[in-house]
Amino acid sequence: MSRTARLMDGTGLARRIVEETAKRAADITERTGTAPCLATVLVGEDPASVTYVRMKQNRCRKAGIESRHVALPAATTAAELVDTLGALSGDPGVHGILLQHPMGPHIDERAAFEAIAPRKDVDGVTLASFSAMSFGLPGFTSCTPGGIMRLLDEYDVDPAGKRAVVVGRSAILGKPVGMLLLGRDATVTYCHSRTADLSSVVREADIVVAAVGRPRLIRGQDIKPGAVVIDAGYNPGNVGDVDFDTARERAGLITPVPGGVGPMTIATLLAQTVEAAGRQLAAPA
Ligand code: NAP
């Protein structure tokens with residue numbers, strides 16, 4: 001008998017999170033006279049990055065979050081970028097900072113990220129944020145991993161005791177989502193481009209997180225029947241890293257692409273910006 005997985009509706013959940021976030025933003029603005037503010041920093045004019053930043057600014061506006069955009073020329077040096085981020089970190093009118101990446105080969109991305117004050121690191125890119133998240137201490141998570149965990153909670157997926165396989169180990173996605181799952185007592189395995197026999201590892205998983213950037217890499221035959229399948233991949237043509245049509249025949253729960261993980265990322269960014277504003281306005285540095 002063929003079965004079909006239940007869909008995890010990231011669009012609907014993200015809408016509810018943004019509505020709650022907008023209420024919190026309005027409350028902060030009314031109480032303090034200051035609206036939460038996200039600074040977006042973009043180096044160069046990569047069209048995809050320009051679009052992402054514009055989308056984030058629009059979403060901010062709709063949620064009652066101000067945005068301040070800093071557009072830097074492609075020739076900006078690493079030192080100039082660090083100075084800009086340092087100035088925003090010290091500016092009391094800015095509560096969150098988003099540095100759009102990639103930034104170009106001449107910039108040391110790690111040095112740039114580290115110029116963001118952890119209390120304003122609403123995109124969860126600094127070493128301090130990663131450490132705090134890994135130790136289960138207060139701080140901000142990288143947005144896509146944070147959104148994935150919220151989606152699991154929404155569908156009552158308790159990672160404790162489950163075998164979780166994370167395919168991908170990037171600093172913004174694979175690594176942090178694995179640490180969050182570990183923090184919730186899953187038994188976590190990371191896979192990457194050097195993993196031997198990926199299929200056999202994925203087949204063991206109760207929870208699969210695909211974070212690779214390879215269209216339909218994970219096939220239905222690799223999915224353990226009843227598993228939870230989270231597809232963070234977003235490839236040209238709205239295609240995920242999971243072969244959705246075959247995977248949904250075996251999974252218990254699955255995220256669609258689009259409409260699964262993607263909307264949760266931006267919702268998490270907005271929620272963390274308002275959280276940062278609330279903390280900073282309650283206890284100015
Ligand atoms: P990334 O930095 O390119 O990392 C890709 C990871 O996949 C690397 O760890 C790489 O291994 C691994 N990998 C590559 N080929 C593999 C293979 N054949 N088998 C197993 N592992 C393989 O990518 P990313 O930034 O994490 O993004 C991953 C995907 O998520 C992309 O499709 C991206 O568009 C999407 N994404 C979506 C959102 C969202 O909001 N929905 C946010 C961020 C990213 P090595 O480490 O060994 O190279």
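This text walks through the structure above, from its overall form to single residues.

The model is predicted, so its local features are given only where pLDDT is at least 70 and side-chain atom pairs only at pLDDT 80 or more, while totals for chains, interfaces and linings use all residues. Residues are numbered from 1 along each chain as its sequence is written, and side-chain values use heavy atoms, with hydrogens and water left out.

The protein chain holds ten helices and nine strands. Here helices (H or I, at least four residues) and strands (E, at least two) are DSSP runs, numbered from the N terminus. The radius of gyration of the chain is 19 Å, close to the 19 Å that the globule rule gives for 285 residues, so the chain is as compact as a globular protein of that length. This radius is taken over C-alpha atoms, and the globule rule is 2.2 Å times the number of residues to the power 0.38. Along the principal axes, the C-alpha atoms fill a box of roughly 60 × 40 × 35 Å.

Of the 285 residues, 47% are buried. Buried means under 20% relative accessible area, exposed means over 50%, and partly exposed is in between (1.4 Å probe, protein chains only). Contacts (heavy atoms within 4.5 Å) can also be sorted by separation along the chain. Among those with a separation of 6 or more, 69% are between residues 24 or more positions apart.

Next come the helices. Two packed helices are described by the angle between their axes and the distance between the axes. Helix α1 (residues 10–32) and helix α6 (residues 143–154) have axes that come within 11 Å and cross at roughly 105 degrees. The axes are lines fitted to C-alpha atoms, for helices over the stretch in contact, and the angles run from 0 to 180 degrees between N-to-C directions. On the α1 side the contact involves G10, L13, R16 and I17, and on the α6 side R150, L151 and E154. These residues divide into three nonpolar, one polar and three charged. In this sorting Ala, Val, Leu, Ile, Met, Phe, Trp, Tyr, Cys and Pro count as nonpolar, Asp, Glu, Lys and Arg as charged, and the others, Gly among them, as polar.

Helix α7 (residues 174–183) has G174, P176, V177, G178, L180 and L181 buried. The buried residues of α7 pack against α5 (127–134), α6, β5 (163–167), β6 (187–191) and β7 (207–210). After α7 comes D185, with a positive phi near 70 degrees.

V229 lies in strand β8 and is buried, at 0% relative accessibility. Leaving out residues up to four places away in sequence, V229 touches V208, I223, V242, A251, L253, I254 and T255. V229 and M8 are 221 residues apart in sequence, yet their C-alpha atoms are 9.3 Å apart. D241 is in the loop between β8 (228–231) and α9 (244–247), and D241 is also buried, with a relative accessible area of 0%. Apart from neighbours within four places in sequence, the contacts of D241 include R214, R216, D231 and N235. D241 and T40 are 201 residues apart along the chain, and their C-alpha atoms are separated by 28 Å.

Some backbone angles deserve a look. Most residues other than glycine have a negative phi, and most peptide bonds are trans. R216, in the loop between β7 and β8, has a positive phi near 55 degrees. R216 is partly exposed, with a relative accessible area of 47%. N238, in the loop between β8 and α9, has a positive phi of about 60 degrees. N238 is partly exposed too, at 39%.

A cis peptide bond joins H101 and P102, with omega about 5 degrees; P102 is in the loop between β4 (96–99) and α4 (109–114). Another cis peptide bond joins V257 and P258, with omega about 0 degrees. P258 lies in the loop between β9 (253–254) and α10 (261–282).

Last, the cysteines. A disulfide is a pair of cysteine sulfur atoms within 2.5 Å, and by this rule the count is zero. For C60, the nearest cysteine sulfur is that of C37, 8.4 Å away. C60 is buried, with a relative accessible area of 0%, and C191 is buried at 1%.
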